Amino acid sequence: MKRACVTGGAGFIGSTLADRLSADGAEVNVVDNFRTGRREFVAGLLERPGTRLFEGDVLDAELMREAVRGCDWVFHLQANADVRHGLEHPLRDLEQNTIATSTVLEAMRAEGVTKIGFSSTGSVYGEPEVFPTPEDAPFPLQTSLYAASKLAGEGLIGAYAHGYEFTGLVFRFVSILGERYTHGHVFDFYRALRADPTRLRVLGDGRQEKSYLYVGDCIEAIMTAVGAHEETPGEAAVYNLGTDETVVVDDSVARIVAHMGLEPEVEHTGGKRGWKGDSPLIRLDCTKIRSLGWAPTLTIPEAIERTLDWFEANPDIVLEPEGSAS
Ligand SMILES: NC(=O)c1ccc[n+]([C@@H]2O[C@H](COP(=O)([O-])OP(=O)(O)OC[C@H]3O[C@@H](n4cnc5c(N)ncnc54)[C@H](O)[C@@H]3O)[C@@H](O)[C@H]2O)c1
């Protein structure tokens with residue numbers, strides 16, 4: 001791969017992928033508006049020869065055309081990744097996730113770039129009946145606007161593969177953990193405990209079972225799939241990316257609390273779900289990506305510990321007031 005474009009390339013997962021592509025010898029075009037992305041995450045990358053920053057909005061069609069021009073692959077990781085507050089902004093996921101994906105695809109078509117990797121989510125399975133849940137699980141009812149907007153993006157990628165001979169790789173991630181992680185359960189619990197070490201409020205009954213994957217393993221899985229699809233024009237392939245394990249929310253709370261040396265009073269808000277759209281159980285069948293030779297290197301507890309270590313090494317990033325990221 002000579003040149004790749006990463007949308008959302010200053011975000012948690014996008015910046016980690018961009019670093020990996022650059023380390024593997026590709027020149028990287030980063031597109032980001034720094035809404036949740038961080039300049040620190042791309043500072044090192046921007047010093048490497050061949051890196052270009054396209055600072056602006058993915059919805060800007062002209063900017064996107066410039067950003068994908070001459071690229072072999074586009075990795076579309078930009079999104080509104082906030083699942084929980086979707087119902088408060090009913091059009092945000094549609095605009096930031098579905099329309100943005102359409103803008104990226106149109107820019108690619110106009111510039112003759114035909115290979116795309118897309119960060120979708122295990123949330124598209126809603127509340128499935130089959131566990132572990134395979135990629136071809138019965139067509140699910142959507143339970144969040146976020147997942148619905150991602151599923152629509154998957155649909156567009158499939159249609160561009162079929163209609164315009166694109167190669168489309170769709171990755172349905174479980175929750176990702178590791179260095180540069182800045183949103184999600186573990187982050188929320190850690191921040192809350194730093195603010196008040198005496199008590200912690202857990203949404204739901206704490207019995208929800210979640211699945212996590214270490215960011216380094218996620219990137220390795222993406223690169224494994226890319227290697228398997230260098231010559232598959234016209235094909236859209238879907239891969240679940242996760243571990244075979246799950247962790248109960250209360251157990252990850254116990255791990256975080258122990259790591260921080262605290263004994264807070266834990267209060268549960270009750271109910272099987274933390275919020276409307278929260279899945280009480282997520283466990284994906286990852287046989288397909290494993291059949292390409294990939295396997296995770298960290299267990300969920302190890303990934304949680306790695307994340308907590310990163311928090312402690314980067315207090316300025318983790319503890320700054322909400323909404324002040326740049
Ligand atoms: N983190 C997870 O656990 C997880 C799980 C499943 C799927 N995903 C998906 O993976 C991708 C990356 O997630 P992340 O956790 O790194 O999130 P993130 O918020 O850290 O990264 C998203 C990046 O996109 C940028 N961005 C957002 N809207 C933009 C716009 N309109 N124009 C330009 N840039 C914009 C942000 O500034 C940020 O840098 C997302 O598509 C997300 O939906 C993440």
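Helix α4 (residues 92-111) packs against helix α5 (residues 145-164) at an angle of about 15°, and their axes lie 8 Å apart. That angle makes α4 roughly parallel to α5, a label given to angles under 35 degrees, with over 145 counted as roughly antiparallel, 65 to 115 as roughly perpendicular and the rest as oblique. This is a predicted model, in which local features need pLDDT of at least 70 and side-chain atom pairs count only at pLDDT 80 or more, while totals for chains, interfaces and linings use all residues. Residues are numbered from 1 along each chain as its sequence is written. Helices (H or I, at least four residues) and strands (E, at least two) are DSSP runs, numbered from the N terminus. Axes are lines fitted to C-alpha atoms, for helices over the stretch in contact, and angles between N-to-C directions run from 0 to 180 degrees.

The residues of α4 that meet α5 include Asp93, Leu94 and Arg109, and their partners in α5 include Leu145, Lys150 and Tyr164. Contact here has C-beta atoms, placed from the backbone, within 7 Å. By class, the contact of α4 with α5 has 8 nonpolar, 6 polar and 3 charged residues.

Ile13, Thr16, Leu17 and Arg20 in α1 meet Val215, Cys218, Ile219, Ile222 and Met223 in α7. By class, this contact of α1 with α7 has 7 nonpolar, 1 polar and 1 charged residues.

The domain assignment, automatic or from a database, gives domain 1 (3-176 + 214-241) and domain 2 (177-210 + 244-282 + 295-319). Their centres, taken over C-alpha atoms, are separated by 25 Å. The contact takes 24 residues from domain 1 and 21 residues from domain 2. On the side of domain 1 that touches domain 2, α1 (12-23), α2 (39-46), β7 (175-177) and α7 (215-228) each supply at least two residues.

Of the 29 residues around the ligand, Gly8, Gly11, Gly37, Ala79 and Ser119 come nearest; a residue is near if its C-beta atom, placed from the backbone, lies within 6 Å. Two or more residues of the shell come from each of α1, β2 (27-32), α4, β5 (115-121) and β7. Helix α1 gives the most, with 3 residues.

Note on methods. Two residues are in contact if their C-beta atoms, placed from the backbone, lie within 7 Å. Ala, Val, Leu, Ile, Met, Phe, Trp, Tyr, Cys and Pro count as nonpolar, Asp, Glu, Lys and Arg as charged, and the others, Gly among them, as polar.
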